[in-house]
Amino acid sequence: MKNIFLVVQLFLIILIVNGGTYTVYEHEQAIKLQFGKVVGEPIYEPGLHFKIPFIQSVRKFDKRVLQLDGD
């Protein structure tokens, strides 16, 4: 019984950690969305970043081919 409980706990911890981290690569930039609205500033620097699992999502864009649609 204890083994099943430990396996379930380990699975939940892995699920939360995996859902709470994301990686931005050198050629990407990202924005964090919370319930479909932008939260915070855009993320330009590469590396490991954190978010609130199941509440926030991340949208990544390729920053090598961005076009400016000015006036």
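Student: In what order do the strands of the open sheet lie?

Tutor: Keep in mind that this is a predicted model. The sheet is an open one of 3 strands with antiparallel pairing, and its edge strands, β3 (37–43) and β5 (56–62), each pair on one side only. Neighbouring strands are turned by 25° against each other on average, direction ignored. Read across the sheet, the order is β3-β2-β5.

Student: How many bridges pair β2 with β5?

Tutor: Strand β2 covers residues 28–34, and in this pairing glutamine 34 stands opposite glutamine 56 of β5. On the other pairing, β2 and β3 run antiparallel and are joined by 4 bridges, with alanine 30 having isoleucine 43 in β3 as its bridge partner. For β2 and β5, which pair in the antiparallel sense, the number of bridges is 7.

Student: Which residue in the turn between β2 and β3 has a positive phi?

Tutor: These two strands form a hairpin with 2 residues between them. In that turn, the phi of about 55° belongs to phenylalanine 35.

Student: Why does valine 8 count as partly exposed, rather than buried or exposed?

Tutor: Valine 8 lies in helix α1, which spans residues 2–19, and belongs to a nonpolar surface patch that also includes Ile4, Phe11 and Phe35, the whole patch having about 1100 Å² of accessible area together. Buried means under 20% relative accessible area and exposed means over 50%, with partly exposed in between. Valine 8 therefore counts as partly exposed, because its relative accessibility is 44%.

Conventions:
Residues are numbered from 1 along each chain as its sequence is written. This is a predicted model: local features need pLDDT of at least 70, side-chain atom pairs count only at pLDDT 80 or more; totals for chains, interfaces and linings use all residues. Side-chain values use heavy atoms; hydrogens and water are left out. Patches are made of residues with over 30% relative accessible area and no salt bridge: like charges are joined within 9 Å, nonpolar side chains (Val, Leu, Ile, Met, Phe, Trp, Tyr) within 5 Å. Accessible areas come from the Shrake-Rupley method with a 1.4 Å probe; for residues, only the protein chains shown count as cover. A salt bridge is a side-chain nitrogen of Lys or Arg within 4 Å of a carboxyl oxygen of Asp or Glu. Buried means under 20% relative accessible area, exposed over 50%, partly exposed in between (1.4 Å probe, protein chains only). Two strands pair if DSSP finds at least two bridges between them. Axes are lines fitted to C-alpha atoms, for helices over the stretch in contact, and angles run from 0 to 180 degrees between N-to-C directions.
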